[in-house]
Amino acid sequence: MSEKQPKTIIITGAASGIGFAFAEHLAQAGNRIVIADLRGAEEAAGCLKAAGHQALGVQVDVVSEADVTRMAEAATAAFGGIDGLVNNAGLFTTLALRPFEEIPNQEWMRVMEVNTLGPFNCAKAVLPALRKSGRGRIVNIASTVPIKGPPNMAHYVASKGAVIAFTRSLARELAKDSITVNAIAPGFTLSDGVLQEGLQDRIGANARTAGRCIQRDQVPGDLVAALAYLVGDGAAFVTGQTLAVDGGGVFL
Ligand SMILES: NC(=O)c1ccc[n+]([C@@H]2O[C@H](COP(=O)([O-])OP(=O)(O)OC[C@H]3O[C@@H](n4cnc5c(N)ncnc54)[C@H](O)[C@@H]3O)[C@@H](O)[C@H]2O)c1
């Protein structure tokens, strides 16, 4: 199988932010991209198409089983199959920073729904197609926060810990189907959502780069090559791993 043979890859939460950077990069490499997002999916896919790439936008709430079933059906109808899923949609940038005892139960539940039930739902929905592919890839976007354990976002930290654990369990279950399952753990990244919400100022310049070997802010473009590697055929023997891409902030 050629290293450059294109794949059909669904990326959730890819209408903006880190997800859109992933979509653009994988599209530029010749892959067919399905952008699945709560809002802006068709417009984002339109941008890729205008640049000459193959893309489809689907409006999806990853928490809804019906939505993600429709997403898998639309991807298969448009491109004849699915080879990869990137579980990138997540609740992070809109969350208030506060002590754990002040987090309302409803907010805890919603973060867990989007960040853990979402990837579970999406993986289930695309599984039959990934099995057919024979070179399926699931990449879950986790975070370095479960390793570092920062305060004031306990639900988010717990949810990303669950994503890493889910990745490992799924890797063991799906290897027999030639599907690899890995995670990328970004450090704090200046994504669209972060900048819109002013999260970089609330966290502060020192905290953003504290403990990093490479002392600068991280941007979405820092993450795209790691994803390209994990979805590529060259990573067929790599599974269950969490790849930290954070300028050397944590060592896994
Ligand atoms: N930005 C960071 O510092 C950072 C660090 C580590 C990990 N991450 C993770 O990377 C991913 C992307 O982060 P980002 O900073 O680009 O976020 P963002 O807020 O800029 O973008 C998130 C995207 O997900 C979509 N989305 C949210 N809920 C959804 C749902 N229920 N169904 C479908 N789409 C939904 C949003 O519409 C948005 O387009 C998230 O999983 C986040 O937790 C971010």
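Helix 3 and helix 4 cross in a right-handed sense in this predicted model. Helix 3 covers residues 65-79 and helix 4 covers residues 105-133; their axes lie 9 Å apart and the packing angle is about 40 degrees. The two helices are therefore oblique to each other. On the helix 3 side, Glu 65, Val 68, Thr 69, Met 71 and Ala 72 take part, and they meet Asn 121, Cys 122, Lys 124, Ala 125 and Val 126 of helix 4.

Helix 4 has another partner to look at. Helix 6 (residues 154-174) crosses helix 4 at roughly 20 degrees, with the axes coming within 9 Å. Because that angle is under 35 degrees, helix 4 counts as roughly parallel to helix 6. This crossing, too, is right-handed. Among the residues making the contact are Trp 108, Val 111, Met 112 and Phe 120 of helix 4, together with Tyr 156, Val 163, Phe 166 and Leu 170 of helix 6. The residues here comprise 15 nonpolar, four polar and three charged.

| Residue | Protein atom | Ligand atom | Distance |
|---|---|---|---|
| Ser 16 | polar side-chain atom | oxygen | 3.0 Å |
| Leu 38 | polar backbone atom | nitrogen | 3.4 Å |
| Arg 39 | polar side-chain atom | oxygen | 3.3 Å |

How values were computed
Residues are numbered from 1 along each chain as its sequence is written. This is a predicted model: local features need pLDDT of at least 70, side-chain atom pairs count only at pLDDT 80 or more; totals for chains, interfaces and linings use all residues. Side-chain values use heavy atoms; hydrogens and water are left out. Axes are lines fitted to C-alpha atoms, for helices over the stretch in contact, and angles run from 0 to 180 degrees between N-to-C directions. Helices (H or I, at least four residues) and strands (E, at least two) are DSSP runs, numbered from the N terminus. Angles under 35 degrees count as roughly parallel, over 145 as roughly antiparallel, 65 to 115 as roughly perpendicular and the rest as oblique. A crossing is left-handed if the near helix is turned anticlockwise from the far one by less than a right angle, and right-handed if clockwise. Contact means heavy atoms within 4.5 Å. A polar contact is a pair of N or O atoms within 3.5 Å; within protein, one must be able to donate a hydrogen and the other to accept it, and residues adjacent in sequence count only if both atoms are side-chain atoms. Ala, Val, Leu, Ile, Met, Phe, Trp, Tyr, Cys and Pro count as nonpolar, Asp, Glu, Lys and Arg as charged, and the others, Gly among them, as polar.
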